[in-house]
Amino acid sequence: GAIHWTVVQRAQAKDLTNECVVLEMQMSHEFRVPRQRGLTAENLENSLKAAVQDYDEVLHLMRSDLELVKNDADLKRWAKANSKELERHDEMMDEDAINAMIMDEIMNKAPRKPQKKKR
């Protein structure tokens with residue numbers, strides 16, 4: 001009856017809320033906009049500009065690195081100097097860690113079922 005329908009609707013509403021949280025977190029992560037700032041057009045545009053600037057800086061560094069490694073001896077020195085940095089970058093970009101972070105956020109932000117009153 002009506003009670004069953006209400007229970008089903010509440011379950012669906014909770015599922016949709018959780019799905020919205022996941023999508024917001026994914027978009028915030030992808031566009032590098034903190035969730036508390038909101039995914040507005042202005043924030044997305046600022047994020048895009050920052051990303052372009054970051055890529056320009058990375059491209060400049062890569063070109064500099066290419067100049068440094070034109071011979072084998074220089075390449076070995078560069079690899080030794082940068083190996084720790086590359087390992088740290090790989091750890092930061094580990095997809096499992098990102099997914100775990102998202103799931104942790106969902107569990108902390110998802111609405112909780114109200115506690116039943118004890119009689």
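User: Let's start with K49: is K49 buried or exposed?
Analyst: K49 counts as exposed, because its relative accessibility is 51%. Buried means under 20% relative accessible area, exposed over 50%, and partly exposed in between (1.4 Å probe, protein chains only). Keep in mind that this is a predicted model: local features need pLDDT of at least 70, side-chain atom pairs count only at pLDDT 80 or more, and totals for chains, interfaces and linings use all residues. Residues are numbered from 1 along each chain as its sequence is written, and side-chain values use heavy atoms, with hydrogens and water left out.

User: Got it. What do the side chains of K49 and E45 do?
Analyst: They meet in a salt bridge, at 3.5 Å from N to O. A salt bridge is a side-chain nitrogen of Lys or Arg within 4 Å of a carboxyl oxygen of Asp or Glu. K49 and E45 are 4 residues apart in helix α2, so about one helical turn separates them. E45 counts as partly exposed, because its relative accessibility is 44%.

User: How many salt bridges does the structure hold?
Analyst: It holds 2. One of them joins R32 and D54, with the closest N and O atoms 2.9 Å apart. R32 lies in the loop between α1 and α2 while D54 is in helix α2, so this pair ties together parts that are 22 residues apart in sequence.

User: And how accessible are R32 and D54?
Analyst: R32 counts as partly exposed at 45% relative accessibility, and D54 counts as partly exposed at 33%.

User: New topic! Which residues does S47 touch?
Analyst: Leaving out residues up to four places away in sequence, S47 touches F31, R32 and V33. Contact here means heavy atoms within 4.5 Å. S47 sits in helix α2 (residues 41–68) and counts as buried, with 10% relative accessibility.

User: Where is F31 found, then?
Analyst: F31 is in helix α1 (residues 2–31). With M27 and L39, F31 forms a nonpolar patch on the surface that has about 230 Å² of accessible area together. Patches are made of residues with over 30% relative accessible area and no salt bridge; like charges are joined within 9 Å, nonpolar side chains (Val, Leu, Ile, Met, Phe, Trp, Tyr) within 5 Å. Accessible areas come from the Shrake-Rupley method with a 1.4 Å probe; for residues, only the protein chains shown count as cover.

User: Last one: how many helices and strands are there?
Analyst: There are 4 helices and 0 strands. Helices (H or I, at least four residues) and strands (E, at least two) are DSSP runs, numbered from the N terminus. Of the 119 residues in the protein, 10% are buried.
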